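I opened the notebook to look up charged pairs and what surrounds them. Here is what I jotted down.

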Amino acid sequence: MSIFVSSLIKGFPQMEEIAHWVNKKEDRNLGVELIAFTHDKEYWDRLNRLLPEMRCPLTFHGPYIGVEATSEKGTKEYDHLLDSYKRVSSLAAEYKVNHIVFHYTQKGVLPENKERVKEVSLENIRTILDIGRQYGAEIVVENLPLPPSGMPLYTNEEYMELYQQFPDMPGIIDMGHACLTGLNLEQLLKAEKSRIHAYHFHNNDGKKDCHNGIHNGIIDYSKFAALFKTYTKSARIVLEYEPHAWVSEESLQEDIDFVNKLYFL
């Protein structure tokens, strides 16, 4: 039952700034979601230097830059996928990170390739979940927005079916993505309840994945609080804003207070 702030709000260059801002508050119910990417050695080293300083609750966003989760077994890309999640899962276990966010793909698919890519994806999801379990780290699978080209690997219905295909799979619901794809949140939450371990909260105009502040868009977070409390009241909430949102520390604190009051008090 915690609120987290994604380090995405400051971008890669200023990850430490938002992490220290949260850490200094010394609030056991307020944490930071660090972007745990392995694509760049300098960035990875910065993350490893930062973690020993953190006393607040932590979550990770798992790697997707330079990592494609539908890579075929036997390829260099597949080996890199597994190596990345092993490294991140090991780090998460060491620092008692609450979860690692997983994207099942970063691209759209052509209709004629969809069944084969899905076959590979399902096998890889199982492998990634197994890696998390082996290291003692929780992997949560996120619903994704529409791809910039091609068709989605999983429709909303197919994403919901993943919970039946993987009975041990926890999920994270990205509210902005759900808005863009028309995901039936009430249907999903009613079916899966406590298997939804976390949310990404941000807002958009219903057309683009803007990652605006929660009050800047068409999603009504006051209204959604009732569904949250009915089905997933123990889930974590991560405020995942992009740097362009221009959220000041004052307005970010206001958003944290708003979410805490509506969702947890």
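I began with a network of salt bridges that links Arg-126, Asp-130, Arg-133 and Asp-168. By salt bridge I mean a side-chain nitrogen of Lys or Arg within 4 Å of a carboxyl oxygen of Asp or Glu. The model is predicted, with local features needing pLDDT of at least 70 and side-chain atom pairs pLDDT 80 or more, while totals for chains, interfaces and linings use all residues. Residues are numbered from 1 along each chain as its sequence is written, and side-chain values use heavy atoms, without hydrogens and water.

Entry: I found Arg-126 paired with Asp-168 at 3.2 Å, N to O. This pair links distant parts of the chain, 42 residues apart: Arg-126 is in helix H4 (residues 114–135), and Asp-168 is in the loop between helix H5 (156–165) and strand E6 (171–174). Helices (H or I, at least four residues) and strands (E, at least two) are DSSP runs, numbered from the N terminus. Next I looked up Arg-133 and Asp-130, whose closest N and O atoms are 2.4 Å apart. Both lie in helix H4, 3 residues apart, about one turn of the helix.

**Entry: another bridge.** I also noted Glu-138 and Arg-236, which meet at 3.2 Å, N to O. Glu-138 sits in the loop between H4 and strand E5 (139–142), and Arg-236 in strand E8 (residues 236–239), 98 residues apart. Buried or partly exposed, I asked of Arg-236? Arg-236 counts as buried because its relative accessibility is 15%, where buried means under 20% relative accessible area, exposed over 50%, and partly exposed in between (1.4 Å probe, protein chains only). Glu-138 is partly exposed, at 22%.

**Entry: total.** My search of the whole structure gave 15 salt bridges.
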